[in-house]
Amino acid sequence: VASRVFSFKSDKERPRNDPKIWAKIEELLPAGKAKEFHWAILDFANSICLLKKPKCSTCFLLDICDYGRISPSRTISNR
């Protein structure tokens, strides 16, 4: 989700282990709500920002999402 919305890139073979990406994500965490934020991101990824066919046309982050802005056809094809 973070790599799509914010175009976070990693040079690591496994981006989930990249400390630079984690540092950027930590900037987004609401104070004292890391657990809730984590679960919300997982729910969002499971229902809207799907790996193979994201539902960009129904996404509330479309206005700020780099993935949706880079290729407008992605949002049109999902309508």
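Buried residues have under 20% relative accessible area, exposed residues over 50%, and partly exposed residues lie in between, with a 1.4 Å probe and only protein chains counted. The model is predicted, so local features need pLDDT of at least 70 and side-chain atom pairs count only at pLDDT 80 or more, while totals for chains, interfaces and linings use all residues. Residues are numbered from 1 along each chain as its sequence is written, and side-chain values use heavy atoms, with hydrogens and water left out.

**Figure 1. Overall fold of the protein.** The secondary structure comprises 5 helices and 0 strands, and the order of elements from the N terminus is α-α-α-α-α. Helices (H or I, at least four residues) and strands (E, at least two) are DSSP runs, numbered from the N terminus. Of the 79 residues in the protein, 23% are buried.

**Figure 2. A nonpolar surface patch.** The residues F6, L28 and I64 make up a nonpolar patch on the surface, and their accessible area together is about 250 Å². Patches consist of residues with over 30% relative accessible area and no salt bridge; like charges are joined within 9 Å, and nonpolar side chains (Val, Leu, Ile, Met, Phe, Trp, Tyr) within 5 Å. L28 belongs to helix α2, residues 19–28, and counts as partly exposed because its relative accessibility is 38%.

Figure 3. The structure contains 2 aromatic pairs. In one of them, the rings of F6 and F8 are stacked, because their centres are 5.5 Å apart and their planes are at 25°. Rings of Phe, Tyr and Trp (its six-membered ring) pair if their centres lie within 6.5 Å; planes under 30 degrees apart count as stacked, over 60 as edge-to-face and the rest as tilted. F6 is partly exposed at 34% relative accessible area, whereas F8 is buried at 13%. Elsewhere, the charged end of R4 sits over the ring of Y67, at 4.7 Å from the ring centre; this requires NZ of Lys or CZ of Arg within 6 Å of the ring centre and within 35 degrees of the ring normal.

Figure 4. C49 takes part in no disulfide, as the nearest cysteine sulfur, that of C65, is 6.3 Å away. For C65, the closest cysteine sulfur is that of C59, and a bond is ruled out because the separation is 6.1 Å. C49 is buried, with a relative accessible area of 12%, and C65 is buried at 6% relative accessibility.

**Figure 5. The salt bridge between D11 and K20.** A salt bridge is a side-chain nitrogen of Lys or Arg within 4 Å of a carboxyl oxygen of Asp or Glu, and the whole structure holds 1 salt bridge. D11 pairs with K20 in a salt bridge whose closest N and O atoms are 4.0 Å apart. D11 is exposed at 73% relative accessible area, and K20 is exposed at 51% relative accessibility.

**Figure 6. The backbone at S7.** S7 lies in the loop between α1 (2–6) and α2. Its phi is near 55°, a positive value in a residue other than glycine. Most residues other than glycine have a negative phi. S7 is partly exposed, with a relative accessible area of 28%.

Terms used:
Areas by Shrake-Rupley, 256 points an atom, 1.4 Å probe, with all protein chains shown as cover. Disulfide = S-S within 2.5 Å.
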